[in-house]
Amino acid sequence: MKIVCSACLLGTDCKYNGGNNYSEKLVSFIREQGAQVIPVCPEVMGGLPTPRVPSEIRDGRVYNRNGEDVHAAFTAGAQQALQVVKDENPDRIILQSRSPSCGCKEVYDGTFCGKRVKGQGIFAQMLLKEGYQPDDIEDLEEVA
Ligand code: SF4
């Protein structure tokens, strides 16, 4: 089995605050399956620094908390990560929840108040448009 996943889920410190979203559940799943893993971080691939100002999606575009439009970097990184998926043709794509890049089910609403709305991050949107079915890490037990 081959898995493309959000790099932060493996413990890479690429999250906006310089931390990660290490998932024991994912690591155990990878071990059980003997899976080959290809980590991607669309935001780093798009040239954004770590740490970075947090961003959310508002009216379809990505802005950081300072109000700067960072949509171009998010889109460029998502396109690069999409190319990795196309090249690798993984069996599963498992992504971090609620990220403005990787979120598969929900994202924050663009007000930086912690309010969630149904929707996807920019990378997940691109994957769906291309016919891929990314899974939210929260749903890993269901997909495993
Ligand atoms: S863009 Fe995705 S891989 Fe990168 S830190 Fe955010 S959730 Fe993790």
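A crossover is called right-handed if, with the strands pointing away from the viewer, the path from the first strand over the helix to the second runs clockwise. With that in mind, have a look at the start of this predicted model: strand S1, helix H1 (residues 24–33) and strand S2 form a right-handed β-α-β unit.

**Strand S1 and its partners**

S1 covers residues 2–6, and four of these five residues are buried, so the strand is largely enclosed by the rest of the structure. S1 has bridges to S2 and to S5, and the table sets the two pairings side by side.

| Pairing | Direction | Bridges | A residue pair |
|---|---|---|---|
| S1 with S2 (residues 36–40) | parallel | five | Ile3 and Val37 |
| S1 with S5 | parallel | three | Cys5 and Ile94 |

In soluble globular proteins, nonpolar side chains tend to be buried together. Here the largest nonpolar core has 34 residues, and Cys5, Cys41, Ile94, Leu95 and Phe123 have the most contacts inside it. Two or more residues each are given by S1, H1, H2, S4, H3, S5, strand S6 (106–108) and H4. H4 supplies the largest share, five residues.

Setting aside neighbours within four places in sequence, Leu95 is in contact with Cys5, Ser6, Cys102, Cys104, Ala124, Pro134, Asp136 and Ile137.

**Helix H4**

How many of the eight residues of H4 are buried? Six are, which leaves this helix (residues 122–129) mostly covered. The buried ones are Ile122, Phe123, Ala124, Gln125, Met126 and Leu127. Just after the helix, Gly131 takes a positive phi of about 95 degrees.

**Around the ligand**

Which residues surround the ligand? They are Ser6, Ala7, Cys8, Cys14, Lys15, Cys41, Pro42, Glu43, Gln96, Ser99, Ser101 and Cys102. This shell divides into six nonpolar, four polar and two charged residues.

Some of these names link back to the parts described above.

How values were computed
Residues numbered from 1 in each chain as written. Predicted model: local features only at pLDDT ≥ 70, side-chain atom pairs only at ≥ 80, totals over all residues. Near = placed C-beta within 6 Å. Nonpolar A, V, L, I, M, F, W, Y, C, P; charged D, E, K, R; others polar. Buried ≥ 20, exposed ≤ 12 C-beta atoms within 10 Å, placed from the backbone. Helix = DSSP H or I, 4+ residues; strand = E, 2+ residues; numbered from the N terminus. Pairing = 2+ DSSP bridges. Core = buried A, V, L, I, M, F, W, Y, C linked by C-beta atoms within 7 Å. Contact = placed C-beta atoms within 7 Å.
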